[in-house]
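Welcome! Please take a look at the sequence and the 3D structure below, and then we will walk through some of the details together.

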Amino acid sequence: MQGRMGMALAASLWLASTPGAGAEEVTLKGITSFAEKTFYSRGFERFIDKVNADGKGLVQISYIGGPKAMPPFEVGNALKSGVVDLANVTGAFYTNVMPEADAWKLTQKPMAELRKDGGYAYMANLYEQKMNAILLARHIDNNPFHLYLTKPISGPDLTGLKLRITPVYRDFFQALGATVVQTAPGEVYTALERGVVDGYGWPITGIFDLGWHEKTKFRVDPGFYSAEVSILINKNAWAKLNDRQKQVIADAAAWIEAQAADVAKENEADIAKQKAAGIEVIRLGDDFRSKAYEAGWAGVIRQSPEHGPKLKALFSK
Ligand code: 173
């Protein structure tokens, strides 16, 4: 026993005293574009906890917080420029920097497959060029978007409705005739309360986090696309890490990405919760979903005529 402890002590002393071995603990700054402790931030928070536990003496993440610290639509630029080192964010929030990022919502293959078949590699190149970043982990997938309303509709015609959107829903809702207004999630409650909008786009999970269920009367089914929320790291911050520090981050990233499959369970829980809250379901046909994909891909290809068609080929089944 004593001999082994002696070895461990000797090893840690050697590391601490070897110049250039990167033994100094590095602290990275991490931000989330969703409210702290809400559904879409939770995976990032678990990732941070794991890095901070496994990375003692090597690498730590200082959690700056959410939209109170930085508006969600500014997170992409902050990551690119290195104002923050790590970001928990969805592609729709940084289309100003990388329009192609919004295409993640249209993937019909799991990340494990995209990491093998070239889909991830194609995007990784764009992240390097346009975002100065690496996408470490997509921890939200298998999580459809829906249209939520304060008044009923009788079919897929959204003419006369004013809907809260992000780039995720813009092309689809407009194609169905809606008037759209973009807001950050933090403004949805007030927009509903004041009657500024008749509804909003949001995934199946999370409407209880910010109290929107109080103002929501209907959910339109079927859902469409698959919500993406990922953890990104600035390239320069990554390049400065030594191999052991990178390993801690990469292991935590693989661990959290593998949990994206569990999101499906959370979907079921929120569907039941919505029902219990009295939110009625308006069921439209499957062509509602087909139209979503059609409008979504048309939008991505219009935003990025160079990469859009290639992404469509790589991401579709
Ligand atoms: O509606 C949104 O704010 C949005 O685009 C989004 C994307 C992924 C997860 C949750 C919300």
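## Before we start

A contact, or touch, between two residues means heavy atoms within 4.5 Å. This is a predicted model, in which local features need pLDDT of at least 70 and side-chain atom pairs count only at pLDDT 80 or more, while totals for chains, interfaces and linings use all residues. Residues are numbered from 1 along each chain as its sequence is written, and side-chain values use heavy atoms, with hydrogens and water left out.

## How confident is the model?

The predictor gives each residue a confidence, called pLDDT, from 0 to 100. The chain has a mean pLDDT of 94, and 93% of its residues reach 70 or more.

## The six-stranded sheet

Helices (H or I, at least four residues) and strands (E, at least two) are DSSP runs, numbered from the N terminus. Two strands pair if DSSP finds at least two bridges between them. Here, an open sheet is formed by six strands with mixed pairing, in the order β7-β6-β8-β5-β9-β11. The edges are held by β7 (179-182) and β11 (280-283); each has a single partner strand, so one side of each is left without a neighbour in the sheet. From one strand to the next, the twist averages 30°, where axes are lines fitted to C-alpha atoms (for helices over the stretch in contact) and angles run from 0 to 180 degrees between N-to-C directions.

## Strand β8 and its partners

Which strands does β8 pair with? Strand β5 (residues 145-149) runs antiparallel to β8 (residues 199-203), and five bridges join the two. Within this pairing, histidine 146 has tryptophan 202 as its bridge partner, and leucine 147 has glycine 201. Strand β6 (residues 162-165) pairs with β8 in the parallel sense over two bridges; there, leucine 163 is partnered with glycine 199.

A residue counts as buried under 20% relative accessible area, exposed over 50%, and partly exposed in between (1.4 Å probe, protein chains only). Five of the five residues of β8 are buried, so this strand is largely enclosed by the rest of the structure. Gly199, Gly201 and Pro203 point one way, and Tyr200 and Trp202 point the other way.

## Around the ligand

A residue is near a molecule or strand if one of its heavy atoms lies within 4 Å of it. The ligand is surrounded by 15 residues, and the closest are Arg164, Thr166, Val168, Tyr169 and Trp202.

Polar contacts are pairs of N or O atoms within 3.5 Å; within protein, one must be able to donate a hydrogen and the other to accept it, and residues adjacent in sequence count only if both atoms are side-chain atoms. The side chain of arginine 164 has an N or O atom 2.8 Å from an oxygen atom of the ligand. For threonine 166, a side-chain N or O atom is likewise 2.8 Å from a ligand oxygen. A polar side-chain atom of tyrosine 169 lies 2.5 Å from an oxygen atom of the ligand.

Aspartate 221 sits in strand β9 and, at 15% relative accessibility, counts as buried. What does aspartate 221 touch, not counting residues up to four places away in sequence? The answer is His146, Val281, Ile282, Arg283 and Leu284. Its side chain also makes a polar contact of 2.9 Å with the side chain of arginine 219.

The peptide bond between aspartate 221 and proline 222 is cis, with omega about 0°. Proline 222 belongs to strand β9 (residues 218-224).

Asparagine 234 lies in strand β10 (residues 229-234) and is buried, at 3% relative accessibility. A polar atom of its side chain is 2.8 Å from the backbone oxygen of leucine 79. Beyond four places in sequence, asparagine 234 touches several residues, including Leu79, Asp85 and Asn132.

Lysine 37 and tyrosine 225 make an interesting pair to look up. Lysine 37 is not a glycine, yet has a positive phi of about 65°; this residue is in the loop between β1 (26-32) and α2 (39-54). Tyrosine 225 has a positive phi near 60° and is found in the loop between β9 and β10. Lysine 37 is exposed at 64% relative accessibility, whereas tyrosine 225 is buried at 5%.
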